[in-house]
Amino acid sequence: MRAARFHGRRDIRIDDIPEPELRPGAVKLRVGWCGICGTDLHEYLEGPIFISPPGHPHPLSHENAPVTMGHEFSGTVEEVGDGVTDVAVGDNVVVEPYFVCNECASCTAGNYHLCTKMGFIGLAGGGGGLSEKVVVDRRWVHKIGDIPLDEAALIEPLSVAHHAVVRSGAEAGDVALVGGAGPIGLLVAAVLKGLGVTTIVTELSDARKQKALSSGVADHVVDPSSEDVKARVLELTGGVGADLGFECAGVNAVLDTILDAVRPAAVVVNVSIWGKPATVDMQKLVLKEIDLRGTIAYVRDHEAVIEMVRSGVIDLAPFITGRIELDNLVSEGLTTLIEHNDTAVKILVRA
């Protein structure tokens with residue numbers, strides 16, 4: 001079968017590789033669509049990062065580069081392995097793309113997303129969504145019912161957003177400030193809106209500002225290049241400040257602005273992955289007793305997210321801005337997102 005494999009920095013190739021073999025307790029999927037994630041871009045430009053370099057196999061997958069990429073994907077069940085009784089051939093599904101050890105303190109406490117050896121299918125090995133077929137343990141397969149396969153490819157990043165919102169303790173009636181209208185920022189805003197939270201989104205890019213408004217996930221959009229974000233947030237909140245802040249850009253100025261614009265005793269959640277260490281003005285946290293929280297990936301979020309989409313609380317269709325074939329992954333996918341990222345939210349790939 002054909003698969004996009006990471007061989008090294010700026011070296012992703014469409015290779016012909018053997019089709020994966022079904023194993024007991026697992027299912028074989030025909031991949032429907034796979035999204036290109038910001039993590040994939042970092043691997044392409046700067047990797048290997050999450051991908052294990054040659055000679056240093058991942059402790060759980062036992063694989064190292066070259067590996068098949070893609071962790072945001074949907075598919076249709078083609079075969080089921082021995083012992084699998086609650087998934088059937090023809091079911092449409094998404095994958096929670098984890099490797100975990102099931103032995104460390106985090107795993108035994110139920111926090112498998114904090115596993116000390118954790119890896120992601122499509123990065124650490126195990127195949128991936130940028131291929132024709134993949135075999136995945138039943139544990140990580142979630143049925144999606146009638147959700148279209150292209151929209152379902154966004155369930156994985158939407159689960160990232162959902163987990164961040166859960167970490168914040170958001171409640172209906174709150175006001176949230178979301179810093180950055182990239183894919184994750186927009187999906188964080190979507191989850192917040194679905195919970196009845198008023199959303200204020202900051203963004204520089206005209207295209208992304210328009211997407212935040214046209215998709216309906218932003219009640220207000222503020223451009224930091226032309227407006228005083230803190231003053232605008234205070235105006236919108238009767239001089240109080242936002243109840244919640246979400247840093248979704250990985251930019252220090254965004255974090256600083258959020259700390260300024262939230263109210264005393266607010267919760268600020270860092271959602272982005274940072275390319276370099278950030279600086280935090282601790283005095284802002286101290287004087288306002290701000291609660292700054294981290295978040296990574298998801299844990300038991302997929303089922304809730306699938307229900308939000310199936311019930312119409314969240315509409316994922318507006319966030320799909322491109323569909324390409326696997327052969328054009330680099331030329332029309334990665335290159336577009338690297339050089340023209342303000343024009344695209346989520347590009348989907350079909351093998």
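**Figure 1. Residues 183-308 in the predicted model.** Over this stretch the chain is 42% helix and 21% strand. In UniProt, an unreviewed entry gives residues 183-308 the feature "domain: Alcohol dehydrogenase-like C-terminal".

**Figure 2. The cis peptide bond between Gly-47 and Pro-48.** Omega for this bond is about 5°. Pro-48 belongs to the loop that runs between helix α1, residues 38-46, and strand β4, residues 67-68.

**Figure 3. The cis peptide bond from Ala-65 to Pro-66.** Here omega is near 5°. Pro-66 sits in the loop between α1 and β4, and Pro-48 also lies in the loop between these two elements.

**Figure 4. Ala-265, a residue with positive phi in strand β15.** The phi angle of Ala-265 is near 70°, and the residue is not a glycine. Strand β15 covers residues 262-270. Is Ala-265 buried, partly exposed or exposed? Ala-265 has 47% relative accessibility, so it counts as partly exposed; the exposed class begins over 50%.

**Figure 5. Arg-300, a loop residue with positive phi.** Phi of Arg-300 is about 55°, although Arg-300 is not a glycine. The loop holding Arg-300 lies between β16, residues 291-294, and α10, residues 302-310. Why does Arg-300 count as exposed? Its relative accessibility is 56%, and the cut-off for exposed is over 50%.

Notes: Residues numbered from 1 in each chain as written. Predicted model: local features only at pLDDT ≥ 70, side-chain atom pairs only at ≥ 80, totals over all residues. Heavy atoms only, no water. UniProt positions renumbered as here; feature names shortened; annotations may be inferred. Helix = DSSP H or I, 4+ residues; strand = E, 2+ residues; numbered from the N terminus. Buried < 20%, exposed > 50% of the residue type's maximum accessible area, 1.4 Å probe, protein only.
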